[in-house]
Amino acid sequence: MEKRKDSFLINKGEHEKDFIFGTRAVIEAINALKDIDKILVNKEQNNDLTKELLALAKAEKIPVVRVPEAKLNRITRKNHQGVVAHVSAIEYASLDNVIETCFSQGVSPLILVLDRITDVRNFGAIARTAECAGVHAIVIPEKGSAQINSDAVKTSAGALNFLPICRVKNLYYTVKDLKKMGLTVISCTEKTERDMYAADYTGPTCLIMGSEEDGISNELMGISDEFVGIPMTGNIESLNVSVASGVLIYEAVRQRKAK
């Protein structure tokens, strides 16, 4: 069978599976149920095939960003036809299935929610720690999160191939659902005097970590059950978010093993 001329994967060595380009190729990828993080479309482009792609992306709730052609050209100099799709390096998991499996096995779920963690290396490092510690899933938003590409998988030392990652449309409503399922929501923040050792992580628990720049959003803070901070005695008053996540996760592990 002759290969379509517009069905290209960007040739970037180990990154070659991070992108699909060409309008028809992206449409085919969506129809084949590929996990697509977002689609970049030339902001000047509005032909019939592009309209078909935009309608399909909307129906499948895939984010579309209109960008200048120059940005697409920086990604590839090949014939991208004004369309480049970021393809996830992993398959996303269902959070409902993760929680249901935990409860059916008599296990208290330990879920990590990452609010606006955009650095790929931080995300990969967090995933590596979470997988080693036995966290049952990481939850991220569709928008405003690090792209899960081959760099993220590499930084995680392959942990992203084993740890369920759940991508959700809205973290606020997802966390509210977790509360309804019986999970205690604990936010790690510098805006509290209560240290992390005072909380109980032995029951069903949702831990929330925020970005280093902005912390946890006011929305998520508003529905959290508890707030904890990591004790600081040095001159520097904050930890890298991946290190902070590891400290909190392993306090939960310590308590669970001691139970």
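Buried, as used in these legends, means under 20% relative accessible area. The model shown in every view is predicted.

**View 1. Strand E3 and its two partner strands.** Strand E3 covers residues 36-42, and six of these seven residues are buried, so the strand is largely enclosed by the rest of the structure. Its pairing with strand E5 (residues 83-87) is antiparallel and comprises five bridges. In this pairing isoleucine 36 stands opposite valine 87 of E5. E3 also pairs with strand E4 (residues 64-67), here in the parallel sense and through four bridges. Together with helix H2 (residues 48-59), E3 and E4 make up a β-α-β unit that is right-handed.

**View 2. The open sheet of six strands.** The strand order is E8-E7-E6-E10-E9-E11, and the pairing is parallel. Strand E8 (165-168) and strand E11 (226-228) are the edge strands, each pairing on one side only. On average, neighbouring strands of this sheet are turned by 25° against each other, with direction ignored.

**View 3. Strands E6 and E7 with the helices that pack on the sheet.** Three bridges join strand E6 (residues 110-115) to strand E7 (residues 137-141) in the parallel sense. Leucine 112 has isoleucine 138 of E7 opposite to it. Helix H7 (residues 171-180) packs on the sheet and touches E6, E7, E8, strand E9 (184-188) and strand E10 (205-210). The direction of H7 makes about 160° with that of E6. Helix H9 also packs on the sheet, where it touches E6, E9, E10 and E11. The direction of H9 makes about 165° with that of E10.

**View 4. Strands E7 and E8 and the crossover through H6.** E7 and E8 are paired in the parallel sense, with four bridges between them. Proline 141 stands opposite valine 168 of E8. The path from E7 through helix H6 to E8 makes a right-handed β-α-β unit.

View 5. In soluble globular proteins, nonpolar side chains tend to be buried together. In this model the largest nonpolar core has 37 residues, and those with the most contacts inside it are Leu112, Leu114, Phe123, Ile138, Leu160, Ile165 and Tyr201. Two or more residues of this core come from each of E6, helix H5 (120-133), E7, helix H6 (150-155), E9, E10 and H9. Leucine 112 touches Ile126, Val135, Ala137, Ile138, Val139, Leu207, Met209 and Ile249, leaving aside residues up to four places away in sequence.

**View 6. Glutamate 251 in helix H9.** Helix H9 spans residues 241-258 and contains glutamate 251. With a relative accessible area of 5%, glutamate 251 falls under the 20% limit and is therefore buried. Apart from residues up to four places away in sequence, glutamate 251 touches Met196, Tyr197 and Tyr201. Tyr201 is also one of the residues with the most contacts inside the largest nonpolar core.

View 7. Serine 217 sits in the loop between E10 and helix H8 (218-223). Its relative accessibility is 17%, so serine 217 counts as buried. Residues up to four places away in sequence left out, serine 217 touches Asp115 and Arg116.

**View 8. The aromatic pair of tyrosine 172 and tyrosine 173.** A pair of aromatic rings is described by the distance of the centres and the angle of the planes. The count of aromatic pairs in the model comes to one. Tyrosine 172 and tyrosine 173 form this pair, with 5.2 Å from centre to centre and 80° between the planes. Planes over 60 degrees apart count as edge-to-face, so the pair is edge-to-face. Tyrosine 172 is partly exposed, its relative accessible area being 22%. Tyrosine 173 has a relative accessible area of 51% and is exposed. Helix H7 holds tyrosine 173. The C-alpha atom of tyrosine 173 is separated by 26 Å from that of alanine 89, with the two residues 84 residues apart along the chain.

Methods: Residues numbered from 1 in each chain as written. Predicted model: local features only at pLDDT ≥ 70, side-chain atom pairs only at ≥ 80, totals over all residues. Heavy atoms only, no water. Buried < 20%, exposed > 50% of the residue type's maximum accessible area, 1.4 Å probe, protein only. Contact = heavy atoms within 4.5 Å. Pairing = 2+ DSSP bridges. Right-handed = clockwise from strand over helix to strand, strands pointing away. Axes fitted to C-alpha atoms, helices over the stretch in contact; angles between N-to-C directions. Phe/Tyr/Trp six-rings, centres within 6.5 Å; stacked < 30°, edge-to-face > 60°. Core = buried A, V, L, I, M, F, W, Y, C linked by side-chain atoms within 4.5 Å.
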